[in-house]
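The tour goes stop by stop.

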Amino acid sequence: MNERPLPDVDDPDFEPYFRGCAGGELRIPHCAVCGWWQWPPRSICPRCQSNAWTWDKAPQTATLYSWTTIWRPGLPGFVSEVPFAVVVVELDAIPNVRMLSSSVDCRPEDLSIGLRMETVFRQCADNVSLPYWRPVQSKAH
Amino acid sequence: MSPAASLRDVAWITGVGQTDYSRRSGRSDLTLSVQAIEAAATDAGISLREIDGLVTYQRLVPVEDVASTLGIDNLRFAGTSHLGGASSVEGLMLAALALQAGLARNVVVYCARNGSSGSRISDRVLGRVPGRQLREQLEWPYGLSLPAQWLSLVCRRHMHEFGTTREHLGHVAVTMRDHAQLNPAALTSGWPITLVDYMASEPIAEPYHKLDCCLESDGGAAVVLSTVDRARAGIKSPVALTGVAVGQPQSQDDLIGRRDWFASGVRPAAAAAMAMAGASAADIDVAMIYDCFTFEVIHQLEEVGFCQPGEGGPFVASGAIHLGGSLPVNPHGGLLAEAHMMGMNHVIEAVRQLRRECGARQVPHARLAAVTGWGGMGDGAVAVLRAD
């Protein structure tokens, strides 16, 4: 029980998302009726009450909305990582979509709200790849 | 009758009781429940067999266990509150509903837990958190699992939008400790802190440090609610539940996707409870704010309307919430400095303040008290209590 908890990538409510992650893409439920992007996934569109979702590719750049630097984790597998930052980002173009993750390639003290960030996918197990976020590295992005 | 007035003055608190608060009670949760209820019944001047309604706190000691132990064989109303830390205040509402319907005559709302020597917060939250699928799929894989962690995200955002500082949070922590020095029952009695101590406190989930977090403690607490005629015939000064309401935020099971992180369930609950009571925030003499963490005090002061949105930090730094200030908050020390009794200790303190029983920490002329409850990711409950 000292391993990090992994998501259930076969959960039908999330399978398209994790399949997208495995392919290096953020795929988010997008309402085919009213165009609303929804996160986290819900079975019914909160705007038009339809259930016609397509899992479409979302922007993989974002702005840092908030973060916490964790020193006392409540889960096994993270104790050796402290301190680490859990971040919440707002995706470019669809800022109503906020995603929670961890930052990589930077220290917690390098973070500030409004920081420009981009997705990095990391393989966590044989069949599990998860998105992380790092500061946008150069003006090439 | 308008909906807003439907529970006004229906229920009266006739008795309050608690066990000792400790780090290691050496007793079962059931024994703590029974001892708190015995104390509350004694305070109300009723025998245990006159209790005919029981409301317990979600996933704590079942009503059946308590009724059997107390020898209550004519239980006519049993309820369970379900709003996390807002459950103690929600329990008052359930009791009022039972009294209004005539289902019961003496309803006890209770909670008890070995929250220090038994299960700790990290064990409990994993088992009962709302939106468990979202937590397991989207948050636990990144190491986020505890209230201190997800609420620290909200605190950080408030700091960014409104200029709230760690010093502001520190004023809440120090004020609660100051108050606890006037309360011999408080776990931190004899252990005051300064702002310097606060700033040096070890980090937990920044911006939260250890002294931003409530205590983990063992104990039990209970209140008896009855009708006005019984209350006025009782042995203590009657206290009316003159307003009570619950409220939920948008996307109740998910904070991250909530459009407005600061729009909690406390806001609609406060508006409804104040309307029911025919009162406004300015009328409140003393407030019990659910202080699971320091920032949640600042946040709820804004949500109830004790100060403007975004101004909670300067409000607490002004000394307003200290005894002697314009709105004394948690004279008992709250969850941060008395004990974590799931907010039932807040209800008890409100009643004792309105009865003028609080000695060195008594708020002079206290006639109207507000009590808030805060659960999970922003469930809210608010009660307004009035001295007869």
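Start in chain B with a helix pair. Select His168(B), Leu169(B), Val172(B) and Ala173(B) in H7(B); they meet Thr294(B), Phe295(B), Val297(B) and Ile298(B) in H11(B). Contact here means heavy atoms within 4.5 Å. By class, this contact has six nonpolar, two polar and no charged residues. Nonpolar covers Ala, Val, Leu, Ile, Met, Phe, Trp, Tyr, Cys and Pro; charged covers Asp, Glu, Lys and Arg; the others, Gly among them, are polar.

This is a predicted model: local features need pLDDT of at least 70, side-chain atom pairs count only at pLDDT 80 or more, and totals for chains, interfaces and linings use all residues. Residues are numbered from 1 along each chain as its sequence is written, chains are lettered from A and ligands numbered from 1 in the order in which they are written, and side-chain values use heavy atoms, leaving out hydrogens and water.

Now show both helices whole: H7, residues 166–180, and H11, residues 294–304. Helices (H or I, at least four residues) and strands (E, at least two) are DSSP runs, numbered from the N terminus. The two pack at about 100 degrees, with axes 8 Å apart. Axes are lines fitted to C-alpha atoms, for helices over the stretch in contact, with angles from 0 to 180 degrees between N-to-C directions. H7(B) and H11(B) are therefore roughly perpendicular, a label for 65 to 115 degrees.

Next, select H6(B), residues 147–162. Its 16 residues reach 22 Å from first C-alpha to last, close to the 22 Å expected at 1.5 Å a residue. That expected span is 1.5 Å times one less than the number of residues. Is H6(B) enclosed or open? 13 of its 16 residues are buried, so H6(B) is largely enclosed by the rest of the structure. Buried means under 20% relative accessible area, exposed over 50%, partly exposed in between (1.4 Å probe, protein chains only).

Zoom out to chain B. Count 14 helices and eleven strands. Buried residues make up 64% of its 388 residues.

Move to chain A and select H1(A), residues 15–22. Its buried residues are Pro16(A), Tyr17(A), Phe18(A), Gly20(A) and Cys21(A). They pack against strands E1, E2, E5, E6 and E7 of chain A, together with helix H5 of chain B. Just after H1(A), Gly24(A) has a positive phi of about 75 degrees.

Last stop: Val136(A), in the segment after E7 of chain A. At 26% relative accessibility, Val136(A) counts as partly exposed.

How values were computed:
Angles under 35 degrees count as roughly parallel, over 145 as roughly antiparallel, 65 to 115 as roughly perpendicular and the rest as oblique.
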